[in-house]
Amino acid sequence: MSNQNSISLFSVVSLSPFKVAMTWLMVVAENILLILLPLLIGYAIDGVLENNTAPLLAFAASLFGLVVVSVLRRFYDTRVYGDIRVKLAETVAHNLRGTDISAKNARLMMSRELVDFLENDLPALMTAGIQLVSIVIILATFHTYFALSVLAASCAMLLVYGCCHSTFKHLNGRLNDQTEKQVKILSGKPFAALSAHLEKLKKHEIALSDTEALVYGCIFSLLFVSVLGNLWLVNMLPSPSTGEVFSILTYSLEFVDTAIMLPVTLQVLSRLEEITQRLNRDESVVNDKEASYEV
């Protein structure tokens, strides 16, 4: 019976749940300050025109607070996730006791991608989520149709990615299979074997990159259609001003820039799903089966 510890994003977070929660709280604080900046700029401008420096000081304080929170979060993140990487590597090494050194080395490196996601990709995803909700609400203040347009584009974007999820997982699996062979090839195979290995790595990376390019091209097209749709929907506004048209177009473009974070993150999650399955594979069972076949 296997005594492996299951590896997942949840189990990685559970290695230091309180510290990870603190990093997430700082990410939320950062984004609240970022969202408030345009509003505070407006108050500061009005205050300066009225010879009132209080709004300007409030804006300066918010900028200072944003810098402090951002810097502290990065100092804190490096130490928290550094500790988690060490604990995770120890768990993975324990699980892979019966695995050959080449696969063990590759999987130890792959396990770091789980922590990299929590440290780098998840805060960006949280930022995107907060900004998307804010943009939809702001567009809805002009007209409901503007918000519905970007929401429809988001649903279509997620549908496109959902259809390609299994393809991304399969391509990442083939790339990881080849990566696991690298140490073994470097340790005893002739140069021709190394050259063939590198060519296979290149082939799998190109296949993955080509798929990403096609999917993102389709997603960008859907998002830009929503921008054009919102520009056309301006006709529904009663006597829209130049400023209103500019704001609608600007927020629609910001939506495109922010929304693309969703498929990027989903692609990372597809890779992490394949990696966690690989890390949780019971090698003792696999080795026993292989031995029985040999007999």
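Colleague: Why does C163 count as exposed?

Modeller: This is a predicted model. C163 has 59% relative accessibility. Exposed means over 50%, so C163 counts as exposed.

Colleague: How do you know that C163 is in no disulfide?

Modeller: The nearest cysteine sulfur is that of C164, 6.3 Å away. A disulfide needs the two sulfur atoms within 2.5 Å. From the side of C164, the closest cysteine sulfur is in C163, too far for a bond. The count comes to zero disulfides.

Colleague: What makes Y161 and F168 a stacked pair?

Modeller: Their centres lie 5.4 Å apart, with 15° between the planes. Pairing needs centres within 6.5 Å, and stacked needs planes under 30 degrees apart. The pair is therefore stacked.

Colleague: Are Y161 and F168 buried or exposed?

Modeller: Buried means under 20% relative accessible area. Y161 has 4% and F168 has 0%, so Y161 is buried and F168 is buried.

Colleague: Why is the pair of F220 and F224 called stacked?

Modeller: The ring centres are 6.1 Å apart and the planes meet at 20°, so F220 and F224 are stacked. The two residues are four apart in helix α7 (residues 191-233), about one helical turn.

Colleague: Which elements give two or more residues to the lining of the largest pocket?

Modeller: The largest pocket holds about 320 Å³ of space. Those elements are α2 (17-49), α4 (101-142) and α8 (242-259). The lining divides into six nonpolar, four polar and two charged residues.

Terms used. Residues are numbered from 1 along each chain as its sequence is written. This is a predicted model: local features need pLDDT of at least 70, side-chain atom pairs count only at pLDDT 80 or more; totals for chains, interfaces and linings use all residues. Side-chain values use heavy atoms; hydrogens and water are left out. On a 1 Å grid over the protein atoms alone, a cavity is a set of points where a 1.4 Å probe fits but cannot get out, and a pocket is an open set with protein on both sides within 12 Å along at least five of seven lines; lining residues have an atom within 4 Å of a point. Grid points are joined across faces, edges and corners, and a volume is the space filled by probe spheres set on the points. Ala, Val, Leu, Ile, Met, Phe, Trp, Tyr, Cys and Pro count as nonpolar, Asp, Glu, Lys and Arg as charged, and the others, Gly among them, as polar. Buried means under 20% relative accessible area, exposed over 50%, partly exposed in between (1.4 Å probe, protein chains only). Rings of Phe, Tyr and Trp (its six-membered ring) pair if their centres lie within 6.5 Å; planes under 30 degrees apart count as stacked, over 60 as edge-to-face and the rest as tilted.
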